[in-house]
Amino acid sequence: MNFHLTEEQLMIQQAARDFAQNQCLPGVIERDEKQQFPKEQILQLADLGFMGMMVDPAYGGSGLDTTSYVLAMEEISKVDASTSVCMSVNNSLVCYGLQEFGSEEQKQQYLVPLAQGKKDGQLYIGAFMLSEPEAGSDATSQRTTAEDKGDYYLLNGTKNWITNGGNASVYLVIAQTDPAKGSRGINCLIVEKNWPGVVVAAKENKMGIRASDTHTVMFNDVKVPKQNRIGADGFGFTFAMKTLAGGRIGIAAQALGIASGAYELSKTYSKTRKAFGTEIMNHQIIAFKLADMATRVEAARLLCLKSAWEKDNGIDYTISSSMAKVFSSETAMWASTEAVQIHGGYGYVKEYHVERLMRDAKITQIYEGTSEVQRIVISRGILK
Ligand code: CAA
């Protein structure tokens, strides 16, 4: 067993740390308040090669391992979880899905620019569309239909809470083709945002990750060429589940970043803030909180890295990614709440950052499978 990071992994970690401090920290409070999409930051991430980190260089990616992706996600999420979720969806739900299961033509047409995060110098990112008004955790209950019309599918329906919904150029849309076949009648279609019948509807006004771009998207008689289906007919649900297993490593790393950001801010604050005649770190009640935060953050980090290692070594990571996600997101919620408590009145105002981390933490327990869904996946896996 080797816990050392390679030179390359350390370099990626440092690059992500510098990016977070220099490009994300300035303006992060304002973007959160104004719900302003971090377009400039995403374009810079594209230049760093962070929008297609694990994609083969032959398809425009950086050819890095999942460990590097976890390290980068943690560093960026310590500062700006709105930016990191855009990065995560593009990397692990969109690029990974296309690289692993897409046809050669789909890779050339879509993966290459998506992995670069740019096309003709303009932002070019993707969104993953599974959730619907009545299909969240119960993901097989898709109401969106992809009617087989011979050489194309006719797509109709509504998708909700779509990250990158307004700014993405390409959507991976999960839809029901044959309801009689249940989960085996579902397909995943590649849809371009500017096609006739695609309507980007309301932008959500969210509690946290407010600068990320979350929309309802509707499809009204959208004609999708057959060659834009990913995999064989009926592969869509398996595609979604397999892709989400990797996505959950990304969100676990995001939650880890929020937790470690909360811990680091609390440690720094405890060394300077005085109460009862001494720095508050000298009060055991604070020191023990910091000890617990450090311990849980480290445990979350190890779970994330273990799952990343399994993915890179061809080992089934379905259970480990769910374990990493449920533990890291619960740690993020707990650690950020403790951070606000340690900061007291200052913690409740925006300029100290921890209130934002606390709001941002909540979504990590919900998206890409709630904590309850992760427990379904883990319990089924360990009991089968
Ligand atoms: N790999 C391959 N196949 C899988 C699989 C996996 N990991 N998990 C399930 N399947 C297969 C099953 O084997 C089954 O196939 P058969 O019918 O051939 O046997 C089929 O898929 C149906 O599976 P289940 O019977 O287990 O389905 P279920 O209805 O009991 O649901 C669930 C299982 C785990 C709860 C699943 O519905 C789920 O993960 N729900 C959560 C959905 C989710 O994560 N949504 C997030 C939205 S995306 C998002 O948030 C992105 C963003 O913008 C940030």
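Phe276 counts as exposed, at 80% relative accessibility; exposed means over 50% relative accessible area, buried under 20% and partly exposed in between, with a 1.4 Å probe and protein chains only. This is a predicted model, in which local features need pLDDT of at least 70 and side-chain atom pairs count only at pLDDT 80 or more, while totals for chains, interfaces and linings use all residues. Residues are numbered from 1 along each chain as its sequence is written, and side-chain values use heavy atoms, with hydrogens and water left out.

**Two loop residues with positive phi**

Phe276 sits in the loop between strand S10 (274-275) and strand S11 (278-279). Helices (H or I, at least four residues) and strands (E, at least two) are DSSP runs, numbered from the N terminus. The phi of Phe276 is near 55°, a positive value in a residue other than glycine. His353 is not a glycine either, and has a positive phi of about 75°. The loop that holds His353 lies between helix H9 (318-347) and helix H10 (354-364). His353 is buried, with a relative accessible area of 17%.

Two packed helices are described by the angle between their axes and the distance between the axes. Axes are lines fitted to C-alpha atoms, for helices over the stretch in contact, and angles run from 0 to 180 degrees between N-to-C directions.

Helix H4 (residues 66-79) packs against helix H7 (residues 236-272) at an angle of about 40°, with the axes 7 Å apart. H4 is therefore oblique to H7; angles under 35 degrees count as roughly parallel, over 145 as roughly antiparallel, 65 to 115 as roughly perpendicular and the rest as oblique. The crossing of H4 and H7 is right-handed, which is the term used if the near helix is turned clockwise from the far one by less than a right angle, left-handed being anticlockwise. Residues in this contact include Tyr69 and Met73 of H4 and Ile249 and Leu256 of H7, where contact means heavy atoms within 4.5 Å.

The axes of helix H1 (residues 7-24) and H4 come within 8 Å and cross at roughly 20°. That angle makes H1 roughly parallel to H4. This crossing, too, is right-handed. Among the residues that meet are Ile12, Phe19 and Cys24 in H1 and Leu71 and Ile76 in H4.

The table gives the residue classes of both contacts. Ala, Val, Leu, Ile, Met, Phe, Trp, Tyr, Cys and Pro count as nonpolar, Asp, Glu, Lys and Arg as charged, and the others, Gly among them, as polar.

| H1 with H4 | nine residues | five residues | two residues |

**Cysteines**

A disulfide is a covalent bond between the sulfur atoms of two cysteines. With a disulfide taken as a pair of cysteine sulfur atoms within 2.5 Å, the count comes to zero. The sulfur of Cys24 is 10 Å from the closest cysteine sulfur, in Cys86, too far for a bond. For Cys304 the closest cysteine sulfur is in Cys24, at 19 Å, also too far for a bond. Cys24 is buried, with a relative accessible area of 0%, and Cys304 is buried with a relative accessible area of 0%.

Leu93 is in helix H5 (residues 81-101) and is buried, with a relative accessible area of 3%. Not counting residues up to four places away in sequence, Leu93 touches several residues, including Phe128, Leu172 and Leu244. Asp148 is found in strand S4 (residues 145-148) and is partly exposed, with a relative accessible area of 41%. Leaving aside neighbours within four places in sequence, Asp148 is in contact with Tyr153, Thr177 and Lys226.
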